[in-house]
Amino acid sequence: MPEAKTLNERDAKLVGWLREAHAKEVELETDLTAHIAVTQKPTYKKRLQQHLKETRDHKRRVAQRIKQLGGPTGQGLIGATGSAVGEVAGKTVAAVKGQVGVARALVTEQVETHLRNAQEELREEHVEIALYTRIEIFATEVGDRDTAQLARAIRRDEERMAKFLTSELGRLVKELVRAEVPRDQRAASSRSRSRRSTSRSRKTASTRASGTTRASGTTRASATNRSRAGAGSTRSRSGAGTNRPRSGGASRSSRSRTTARG
């Protein structure tokens, strides 16, 4: 039987934290399986099923990295060391939570069950995000690029799931309001607010367009008046210039007649 590898301080800390992450993935695998069983909303259920596959992949990859660092594998991962919960403990916690979820589904409305489960799932996602964030930062600080890359990739999966759950939680709360709160006890619906906003926008646009049209008409009328005034002034000056030569001609004719009589 091969001797266990003696880990230095860096690798011992990484292995301990990765074992904690592995236990959390085991716990959530069981937890998600229980939640999927009582989820009836198709889109929500499909996303949970997708994340269950991701969770199983995370568990496998973390176990592989622990092995690469010289940590325990297989049955050696079972049991608590340091801050790790351990696989058996993780499964036990998840099983209890799953039973609570099933009991909740029996005594509450479907939307309420979905809402409570989504709340728990969101909380667990943030726990994982924090866990993988510290693993990534520690691995980066000690120069372990492989562990840092693994933690970063898994953290991004958890962040995407947390983002979905945040949006889903909002949708579920709105569904609960529609299902359980009388209409006269609710705020104005977003659709009504949207219609009022659209109506106000159209009125504003119409007013602006009307004002622009009037201003344009006034500008054109003013330009036309200036043009006409300019044309009248030109004709007046032109007429004055034509009359002067005629006046001069008349004077010369008068003088000629006077000379002839003399």
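These numbered points walk through the helices, their packing and the cores of the model.

1. A word on the basis first: this is a predicted model, in which local features need pLDDT of at least 70 and side-chain atom pairs count only at pLDDT 80 or more, while totals for chains, interfaces and linings use all residues. Residues are numbered from 1 along each chain as its sequence is written, and side-chain values use heavy atoms, with hydrogens and water left out.

2. Of the 262 residues in the protein, 32% are buried, where buried means under 20% relative accessible area, exposed over 50% and partly exposed in between, with a 1.4 Å probe and protein chains only. Among the contacts (heavy atoms within 4.5 Å) with a separation of 6 or more, 77% join residues 24 or more positions apart.

3. Now to the pair H4 and H5. Their axes come within 8 Å and cross at roughly 160°; axes are lines fitted to C-alpha atoms, for helices over the stretch in contact, and angles run from 0 to 180 degrees between N-to-C directions. H4 and H5 are therefore roughly antiparallel, given that angles under 35 degrees count as roughly parallel, over 145 as roughly antiparallel, 65 to 115 as roughly perpendicular and the rest as oblique. The crossing of H4 and H5 is left-handed, a label used if the near helix is turned anticlockwise from the far one by less than a right angle (right-handed if clockwise). The contact of H4 with H5 has 18 nonpolar, seven polar and 10 charged residues. In this scheme Ala, Val, Leu, Ile, Met, Phe, Trp, Tyr, Cys and Pro count as nonpolar, Asp, Glu, Lys and Arg as charged, and the others, Gly among them, as polar.

4. Threonine 133 is worth a look while you are in H4, the helix where it lies. Threonine 133 is partly exposed, at a relative accessible area of 27%. Its C-alpha atom is 7.3 Å from that of arginine 152, which is 19 residues away along the chain.

5. H2 (residues 42-68) also meets H5 (residues 145-180): the axes come within 11 Å and cross at roughly 160°. H2 and H5 are therefore roughly antiparallel, and H2 passes H5 in a left-handed crossing. Their contact has 10 nonpolar, four polar and nine charged residues.

6. For H2 and H4, the axes come within 14 Å and cross at roughly 30°, which makes the two helices roughly parallel. This crossing is left-handed too. H2 contributes Tyr44, Leu48, His51 and Val62 to the contact, and H4 contributes His114, Asn117, Ala118, Glu121, Glu125 and Tyr132.

7. Finally, the cores. A nonpolar core is a set of buried Ala, Val, Leu, Ile, Met, Phe, Trp, Tyr and Cys residues joined through side-chain atoms within 4.5 Å. In the largest, with 18 residues, Leu18, Val62, Ile66, Tyr132 and Ile135 touch the most other members. H1 (9-38), H2, H4 (110-141) and H5 each supply at least two residues of this core, and H1 gives the most, with five. Beyond its neighbours within four places in sequence, valine 62 is in contact with Leu18, His22, Tyr132, Leu150 and Ile154. A second, separate core has 14 residues, including Leu32, Ile36, Leu52 and Leu122.

Definitions and conventions
Helices (H or I, at least four residues) and strands (E, at least two) are DSSP runs, numbered from the N terminus.
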